[in-house]
Each structure stands twice: as C-alpha cells, then as structure tokens.
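Here's a quick briefing to read with the model open beside you. Take it topic by topic and find each piece as you go.

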Amino acid sequence: MNKVCVLQLDTKFPRIPGDVACHETFVTDIRVVKIKKAFVNNIVRGIPEDDQFIRFEKEIRKSNEPLIITSCGFTFYWQDRLSQLTPSNIISSSLCCLDLKRNIYRDEEILILTFDEEKLRLLINSNLKKPFEGHILGLRKNHHLYNTIINDVDHLCDNTVQKELNDLLQNFLVGKNIKLLILECTNIPPYKKAFRTFFHGEMIDILSLVEETLPGSVNPRFL
C-alpha cells in the first residue's frame with residue numbers, strides 16, 4: 001500500500017525531481033491525485049476559494065494512506081478543516097511548522113520564501129492566533145518560475161530558475177539575522193541545495209516535514 005498521497009493542483013507545468021508531486025522525490029511509492037479544476041488562480045489567494053475545499057475534501061475522504069500532503073502551501077488556510085476529515089496525518093504546507101518554530105525563533109529571525117508575498121501574508125495572518133511579523137519573500141513577477149506556474153507552461157529552464165532564486169535570496173539576506181528559512185512554495189525545494197552554500201541556518205520545506213512524519217520516505221538527495 002502507498003504510504004503517501006499527494007493532492008496536486010490541476011496543473012501541467014513540470015514536476016521535476018525534488019518537487020513534492022514527482023515520484024522520483026520519494027523512496028516509497030506515492031499516489032498523486034490531480035484535483036480537477038483546482039487551478040493556481042483559485043488556490044493562491046489571501047483566502048482560497050471556499051468551493052475548492054470541497055474538491056480536496058472529496059479526495060481525502062477516499063484516501064487511506066497514512067500521510068496526505070498537498071502540492072500547494074496555500075492550502076494551509078484549510079489545515080485544521082482538512083485534518084478533521086481523516087485519521088491520517090495531513091501536511092498541507094511547510095507552514096505547519098510555523099507555530100512550533102515561533103517558540104524557538106523570534107519572528108524577525110524567520111524568512112518564508114513563497115510564490116506570492118502579499119497573498120501569503122494575508123493568508124497566514126487570517127489563520128494564526130498571533131499575526132506573523134517576520135519576513136516573507138515572494139517571487140518576482142518577471143521570474144521564470146513565477147511565469148511557469150501562473151501561466152501553467154509545460155516547460156521549465158532549471159538553470160534560469162536556480163540563478164533567479166539564488167540572486168533573490170542572497171540579496172534579501174544581506175544585513176539580516178535570518179536563522180530559519182521556510183520554503184513555502186513546493187516547487188522551490190529542487191533548488192534548495194544551492195541555498196546551503198550561502199545560507200547556514202535551519203531550512204524547512206514540506207519534504208523535511210514529510211520525512212519527520214514518515215522517516216525513510218523521502219529520497220535523501222532532496223532533504
């Protein structure tokens with residue numbers, strides 16, 4: 001039996017190794033379920049469209065894997081509601097670690113790297129008891145990865161994405177005391193190995209949370 005079910009948005013852009021919806025990312029077999037009509041524009045919002053929740057609910061009720069995850073961190077808005085649907089573990093996003101980590105780090109020591117900075121800050125602060133006052137860094141709208149995702153393009157230039165992400169993150173880190181980097185966007189982990197050459201704090205993404213929940217399930221190359 002599969003141990004992990006991945007609920008993927010209705011997209012066609014490449015899911016490369018290291019992406020949570022790519023089979024090669026895992027050691028164990030995974031089942032990827034594409035949620036029909038759950039498009040990026042409907043989910044990546046300050047408040048995701050509520051009728052989209054029903055699409056995820058339907059698939060979760062049918063799933064029997066011990067761990068269910070999603071391919072988009074903006075479903076974090078529904079984390080509590082999704083968890084109530086099943087006895088299985090639900091990880092909607094790497095943001096699931098945020099409350100715990102805020103007991104260890106001050107907000108100003110935390111950086112969240114995301115697809116859309118403005119929308120994510122609204123989403124987080126509508127879903128947390130205490131507003132998050134730390135750093136949130138979003139992709140630029142002229143970035144290759146941003147346009148690949150938002151326009152659902154079926155090809156991707158890895159080298160371009162890596163360079164743009166490195167430049168974005170390195171420039172932002174200058175002069176800041178960031179001790180924790182959370183990769184909210186599940187399409188960024190394939191590029192995180194290079195981040196470790198210039199960022200030496202703690203780094204968390206959805207794959208590290210999956211590995212913590214089900215040890216031995218993620219390919220070590222992507223941890």
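Let's start with strand β5 (residues 110–114): 5 of its 5 residues are buried, so this strand is largely enclosed by the rest of the structure. Here "buried" means under 20% relative accessible area, "exposed" means over 50%, and "partly exposed" is in between (1.4 Å probe, protein chains only). Keep in mind that this is a predicted model, where local features need pLDDT of at least 70, side-chain atom pairs count only at pLDDT 80 or more, and totals for chains, interfaces and linings use all residues. Residues are numbered from 1 along each chain as its sequence is written, and side-chain values use heavy atoms, with hydrogens and water left out.

**Strand β5 and its partners**
- Helices (H or I, at least four residues) and strands (E, at least two) are DSSP runs, numbered from the N terminus.
- I110, I112 and T114 point one way from β5, while L111 and L113 point the other way, and all are buried.
- β5 pairs with strand β7 (residues 180–183) in the parallel sense over 4 bridges; two strands count as paired if DSSP finds at least two bridges between them.
- I112 has I182 as its bridge partner in β7.
- Another 4 bridges join β5 to strand β6 (residues 135–138), also running parallel, and there L111 stands opposite H135.

- Strands of a sheet pair through backbone hydrogen bonds, either parallel or antiparallel.
- An open sheet is formed by 4 strands in the order β2-β1-β3-β4, with parallel pairing.
- β2 (30–34) and β4 (89–91) are the edge strands, each pairing on one side only.
- From one strand to the next, the twist averages 20°.
- Helix α2 (residues 50–62) packs on the sheet and touches β1, β2, β3 (67–70) and β4 (contact means heavy atoms within 4.5 Å).
- The direction of α2 makes about 160° with that of β1; axes are lines fitted to C-alpha atoms, for helices over the stretch in contact, and angles run from 0 to 180 degrees between N-to-C directions.
- β1 (residues 4–8) is joined to β2 by 5 bridges, and C5 has R31 as its bridge partner in β2.

**Pocket and cavities**
- On a 1 Å grid over the protein atoms alone, a cavity is a set of points where a 1.4 Å probe fits but cannot get out, and a pocket is an open set with protein on both sides within 12 Å along at least five of seven lines; lining residues have an atom within 4 Å of a point.
- The largest pocket has a volume of about 260 Å³, and its lining includes F76, D99, R102 and K130.
- A search of the whole structure finds 2 cavities of 30 Å³ or more.
- The largest cavity, about 120 Å³ in volume, is lined by 15 residues, with V44, S71, C72, I149 and N187 nearest its centre.
- The second largest cavity has a volume of about 50 Å³, and F13, L156 and Y191 are among the residues lining it.

**Two positive phi values**
- Most residues other than glycine have a negative phi.
- K37 has a positive phi near 70°; K37 is found in the loop between β2 and α1 (40–43) and counts as exposed at 51% relative accessibility.
- D152 has a positive phi near 50°, and its place is in the loop between α6 (144–150) and α7 (158–173).

Key
Points joined across faces, edges and corners; volume = space filled by probe spheres on them.
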